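Open the structure in a viewer and keep the selection tool at hand. The stops below say what to select next and what is there.

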Amino acid sequence: MPKAKAILFDLDGVLTDTSEYHYRAWKQLADEEGIPLTREENDAHLRGVGRRDSLMYIIRDRHYSEEQIQEMMERKNNYYNQLISQMGPDEVVAGGRELLQEIHQAGMKSAVASASKNCRLVLERLQIIDLFDGIADGYSVINGKPAPDIFVFAAGVVQTPVVDCIGVEDADAGIEAIKTAGMYALGVGPKERFKRADKVVPTMENIRLKDILADE
Ligand code: G6P
Ligand code: MG
């Protein structure tokens, strides 16, 4: 992938470990509702999945009115907001800031492609919002991952054709979105998690630009 001109990063679980906070917030809600939810299920079914779809997975065929569904999404979001309000700049993945600076020094663009409506809030808490050329978040598109929309939108924001973009994701739904968008896909996590990733690294910790660009 030597001629990449932009790198589009998912946020939760890639640049910071907020996927843990999403899990804890869902877990609290599930406990209150008396619905079982395990960490393994979260990993396999909720990682990278939008707010409503996550709740639909958790409640499955239990019956709730639309009003109750709205209230539960809001309750989970309140728990999540409480958790992220404690976050600070030290919660950026180790080496993450350096990587973003390196991308700019190499004359490339960087953007965030996150399904989260709390994306800007998290970037502000981490104090990395200014390190990106563009942001695509939960307010940018209608169709969530695995639809390619958020990555295509992010490519547009940084004015880069999709074929010149690398997408970085910790969720298989996100890798699907990147591949469907026609981009090179870097998976972050265990190899078995991803079906179509072009390359996989176990974590973003201390990943440098050369690690991303090198052929496998
Ligand atoms: C990301 C996270 C998911 C989360 C989704 C929506 O994709 O990985 O865990 O459900 O964003 O986030 P939000 O903050 O809008 O509820
Ligand atoms: Mg993620």
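## Charges over rings

Start by selecting K76 and Y80: the charged end of K76 sits over the ring of Y80, 4.9 Å from the ring centre. The model on screen is a predicted one. Next, select Y57 together with R60. Here R60 lies over the face of Y57, and the distance to the ring centre is 4.4 Å. How many aromatic pairs are there? With ring centres required to lie within 6.5 Å of each other, the count comes to 0 aromatic pairs.

## Ligand 1

Now select ligand 1 and show the residues around it. The surrounding residues are D12, H22, G48, V49, G50, R51, S54, A115, S116, K117 and N118. At G48, a polar backbone atom is 3.3 Å from an oxygen atom of the ligand. For S116, show the side chain, where a polar atom lies 2.6 Å from an oxygen atom of ligand 1.

## The largest pocket

Keep V49, G50, R51, A115 and S116 selected. These residues lie nearest the centre of the largest pocket, which has a lining of 36 residues. V49, G50, R51, A115 and S116 are also among the residues that surround ligand 1. To see which elements give two or more residues to the lining of this pocket, colour α1 (18–33), α2 (39–46), α3 (51–59) and α4 (66–84). Which of them gives the largest share? That is α4, with 5 residues. The space in the largest pocket comes to about 810 Å³. Colouring its lining by class would show 9 nonpolar, 14 polar and 13 charged residues.

## The second largest pocket

Move on to G13, T16, D17, S19 and R47. They lie nearest the centre of the second largest pocket, and 22 residues line it. The volume of the second largest pocket is about 320 Å³. By class, its lining has 8 nonpolar, 6 polar and 8 charged residues.

What is the phi of Q127? The angle is near 60°, a positive value in a residue other than glycine.

Finish at P146, in the loop between β3 (134–136) and α7 (149–157). Select K145 as well and look at the bond that joins the two residues. Is the peptide bond from K145 to P146 cis or trans? The bond is cis, and its omega is near 15°.

Key
Residues numbered from 1 in each chain as written. Chains lettered and ligands numbered in written order. Predicted model: local features only at pLDDT ≥ 70, side-chain atom pairs only at ≥ 80, totals over all residues. Heavy atoms only, no water. 1 Å grid on protein atoms, 1.4 Å probe; cavity = no way out; pocket = protein on both sides within 12 Å on 5 of 7 lines; lining within 4 Å. Points joined across faces, edges and corners; volume = space filled by probe spheres on them. Helix = DSSP H or I, 4+ residues; strand = E, 2+ residues; numbered from the N terminus. Nonpolar A, V, L, I, M, F, W, Y, C, P; charged D, E, K, R; others polar. Phe/Tyr/Trp six-rings, centres within 6.5 Å; stacked < 30°, edge-to-face > 60°. Lys NZ or Arg CZ within 6 Å of the ring centre and 35° of its normal. Near = heavy atom within 4 Å. Polar contact = N/O pair within 3.5 Å; in protein donor to acceptor, adjacent residues only side chain to side chain.
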